[in-house]
Amino acid sequence: MKKIFIAGLVGVLAFSCSPIKKSLVLKTEDSVTEIAIRIVKEGKSDEFMETRKNFIAILKQQDGVLADREFQSFYALPKPDERDVFIGMTDYETYKTVGKVQGKIGVVSKFLKFNKNMDLKAYVFVQQTEGPKFNLKTLASGSGEILEVGVRKVKPGMESQFNEYRKKFVELLSSYEGVKESYELKVVGGKDIDGLSVGMTVYKTKEAFMKLAEPIMKEEITQKYFSTFDVVASQFSFSTTNQ
């Protein structure tokens with residue numbers, strides 16, 4: 001009994017300590033967005049859905065939680081996922097809100113039950129640096145719209161090349177029909193975040209994305225860009241419910 005209590009306490013403390021690094025935060029008064037790319041454990045689909053619903057329900061009730069969205073991945077790079085992958089995103093009022101929310105026992109207890117049914121592919125907190133004003137409530141919410149979420153680990157010593165080629169790649173990507181908007185976000189917290197950066201693109205339809213996927217990968221600038229980082233998670237997804 002004592003071991004169970006200690007294990008549970010360790011889990012609570014690990015979750016309740018804020019994962020945000022204040023030194024990385026761009027503006028302390030601005031909101032931060034949590035991105036959790038979750039792989040459903042084999043045979044745990046029903047449990048995942050139920051415990052996620054219970055966790056998100058209490059999360060949304062907390063002061064400072066501005067929005068929460070769920071996306072289901074249907075395609076991934078560099079190779080397809082072997083299990084179902086869902087992307088959960090939450091907007092918090094400021095970086096301080098995260099620690100306060102994750103310190104609530106009610107939130108923690110629901111999270112620990114949810115956590116048993118998933119593995120994390122990536123877990124980050126971000127603030128926007130480029131692109132049109134980011135609004136999680138309306139992100140890729142139009143009929144048929146597709147959201148690409150790319151979590152990249154920049155290769156050591158290639159930071160300047162990464163940024164140079166990334167900007168050229170985004171410019172090229174934006175020239176294709178069916179590309180709606182792109183965002184760049186700075187990682188300010190999370191798990192194993194050294195060298196990580198996040199980019200997002202919204203496509204008008206799945207067909208629009210599939211049409212450009214092959215030709216853009218053959219472009220020289222694309223190949224130069226991809227040579228500067230390793231893919232942690234590259235998911236193509238559509239909006240879904242978490243209730």
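The entries below go from conventions to the barrel, then the helices, then the backbone.

**Conventions.** I am working with a predicted model, in which local features need pLDDT of at least 70, side-chain atom pairs count only at pLDDT 80 or more, and totals for chains, interfaces and linings use all residues. Residues are numbered from 1 along each chain as its sequence is written, and side-chain values use heavy atoms, with hydrogens and water left out. Helices (H or I, at least four residues) and strands (E, at least two) are DSSP runs numbered from the N terminus.

**Barrel.** I traced the strand order and found a closed barrel of eight strands, E1-E3-E2-E8-E5-E7-E6-E4, with antiparallel pairing. Two strands pair if DSSP finds at least two bridges between them. From one strand to the next the twist averages 35°; angles run from 0 to 180 degrees between N-to-C directions, and axes are lines fitted to C-alpha atoms, for helices over the stretch in contact.

**Strand E1.** I looked up both neighbours of E1 (residues 32–40). On one side, eight bridges join E1 to E3 (residues 85–92), and the two run antiparallel. Within that pair, Arg 38 stands opposite Phe 86 and Thr 33 stands opposite Asp 91. E1 is also joined to E4 by eight bridges, again antiparallel, with Ile 37 having Ala 122 as its bridge partner.

**Further pairs.** E4 continues to E6 through six bridges in antiparallel fashion, and there Val 126 is partnered by Val 187. E2 and E3 are antiparallel and share seven bridges; Asp 68 faces Thr 90 across that pair.

**Burial of E3.** How many residues of E3 are buried? Eight of the eight are, so E3 is largely enclosed by the rest of the structure. Buried means under 20% relative accessible area, exposed over 50%, and partly exposed in between (1.4 Å probe, protein chains only). In a regular strand the side chains alternate between the two faces of the sheet.

**Helices H2 and H4.** The axes of H2 (residues 45–59) and H4 (residues 105–115) come within 8 Å and cross at roughly 165°. The two helices are therefore roughly antiparallel (under 35 degrees is roughly parallel, over 145 roughly antiparallel, 65 to 115 roughly perpendicular, the rest oblique). Contact (heavy atoms within 4.5 Å) involves residues including Phe 48, Phe 55 and Ile 58 in H2 and Val 107, Phe 111 and Phe 114 in H4. The contact residues divide into six nonpolar, three polar and three charged. Here Ala, Val, Leu, Ile, Met, Phe, Trp, Tyr, Cys and Pro count as nonpolar, Asp, Glu, Lys and Arg as charged, and the others, Gly among them, as polar.

**Helix H5.** I found H5 (residues 159–174) lying across E4, E5, E6, E7 and E8, at about 155° to E6.

**Backbone.** Most residues other than glycine have a negative phi, and most peptide bonds are trans. The bond from Leu 77 to Pro 78 is cis, with omega near 0°, and Pro 78 is in the loop between E2 and E3. Ala 140, in the loop between E4 and E5, has a positive phi of about 45° and is buried at 2% relative accessibility. Asp 192, in the loop between E6 and E7, has a positive phi of about 50° and is exposed at 63%.
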